[in-house]
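Keep it short and group the points by topic.

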Amino acid sequence: MNVEALTGKLAASGLNLHDGEPVVTTCPPEAASQASACGPEHGRVDEVIDLKRPDALRDVNAAWYRLATRFGLFGERGEFLLFVNLSDDDDDIDFGWLPVKLQESWNMAGSAEGTINGPSLDGLLTMSPHGDVIIEGTTYQGGMATVLAVPNPQRALPIRRFAESIMKSGNIPPGKAASIGAWLDRS
């Protein structure tokens with residue numbers, strides 16, 4: 001992981017690294033990315049934003065913060081987990097969670113008008129430090145976006161099934177398998 005380059009991207013969005021070490025003791029990021037496949041029956045709560053409106057990215061940020069505070073995204077010291085590509089090589093993919101904190105001025109939506117590209121340009125996917133809630137920003141066709149929260153993601157079937165499929169694949173390191181298993185056992 002090129003910490004210097006990633007730190008620069010995060011700082012430009014108003015985020016600081018909290019501890020600087022990726023977190024592997026919670027929901028795998030690939031499974032968390034299934035939050036948008038969840039429905040109200042899984043606890044999903046949405047705020048919809050028209051990205052064609054003026055100040056739409058500000059509205060995305062406001063929606064993200066409302067859901068983050070409502071569902072307890074922030075840890076004891078204001079930290080939360082951000083989905084990032086941890087690979088040093090732009091052609092490789094190694095998604096993980098990085099603990100971050102908001103600075104006084106921040107931008108979780110990203111800088112691209114008409115879409116949500118997130119603070120590290122890997123999209124907007126966040127999770128509480130203990131994996132109790134996932135908050136994601138997603139862009140849809142037609143210039144619409146949603147910021148959504150899925151509390152207790154270990155109980156949400158789309159996320160749970162994806163995590164279980166990772167476990168069954170057999171292509172994961174033993175330590176990661178143990179952490180995914182412990183997270184799944186929380187249900």
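Which strands does H3 lie across, and at about what angle does H3 run to E2? H3 lies across E2, E3, E4, E5, E6 and E7. Its direction is at about 170 degrees to E2. This is a predicted model.

- The open sheet has 7 strands, in the order E1-E4-E3-E5-E6-E7-E2, and the pairing is antiparallel.
- Strand E1 (15–17) and strand E2 (45–50) are the edge strands, each pairing on one side only.
- On average, neighbouring strands of this sheet are turned by 30 degrees against each other, direction ignored.
- E3 and E4 run antiparallel and are joined by 7 bridges. Glu79 stands opposite Lys101 in E4.
- E3 is also joined to E5, by 2 bridges, and these strands run antiparallel. Here Leu81 has Met127 in E5 as its bridge partner.

- Strand E5 covers residues 124–127. Leu124 and Thr126 point one way from E5, while Leu125 and Met127 point the other way. All of these residues are buried.
- E5 pairs with strand E6 (residues 133–140) over 4 bridges, in the antiparallel sense. Leu124 has Gly137 in E6 as its bridge partner.
- E5 and E6 form a hairpin, with 5 residues between the two strands. In the turn, Gly131 has a positive phi of about 75 degrees.

**Aromatic pairs**

- The structure holds 7 aromatic pairs.
- One of them is Trp64 with Phe80, a tilted pair at 5.4 Å centre to centre and 55 degrees between the planes. This pair links distant parts of the chain: Trp64 sits in helix H3 (residues 56–70) and Phe80 in strand E3 (residues 79–85), 16 residues apart. Both Trp64 and Phe80 are buried.
- Why is the pair of Phe83 and Trp97 called edge-to-face? The ring centres of Phe83 and Trp97 are 6.3 Å apart and the planes are at 70 degrees, so the pair is edge-to-face; the cut-off for that class is over 60 degrees.
- Phe83 in strand E3 and Trp97 in strand E4 (residues 95–102) are 14 residues apart, and this pair too links distant parts of the chain. Phe83 and Trp97 are buried.
- Ring pairs also link Trp64, Tyr65, Phe74, Phe80 and Trp106 into a cluster.

**Helix H4**

- The buried residues of H4 are Pro158, Ile159, Arg160, Ala163 and Ile166. These residues pack against helix H2 (29–32), E6, strand E7 (144–151) and helix H5 (174–184).

**Ala177**

- Ala177 is found in helix H5.
- Is Ala177 buried or partly exposed? Its relative accessibility is 21%, so Ala177 counts as partly exposed; buried would need under 20%.
- Not counting residues up to four places away in sequence, Ala177 touches Met167 and Ile172.
- Ala177 and Gln103 are 74 residues apart along the chain, and their C-alpha atoms are separated by 33 Å.

Notes. Residues are numbered from 1 along each chain as its sequence is written. This is a predicted model: local features need pLDDT of at least 70, side-chain atom pairs count only at pLDDT 80 or more; totals for chains, interfaces and linings use all residues. Side-chain values use heavy atoms; hydrogens and water are left out. Rings of Phe, Tyr and Trp (its six-membered ring) pair if their centres lie within 6.5 Å; planes under 30 degrees apart count as stacked, over 60 as edge-to-face and the rest as tilted. Buried means under 20% relative accessible area, exposed over 50%, partly exposed in between (1.4 Å probe, protein chains only). Two strands pair if DSSP finds at least two bridges between them. Contact means heavy atoms within 4.5 Å. Axes are lines fitted to C-alpha atoms, for helices over the stretch in contact, and angles run from 0 to 180 degrees between N-to-C directions.
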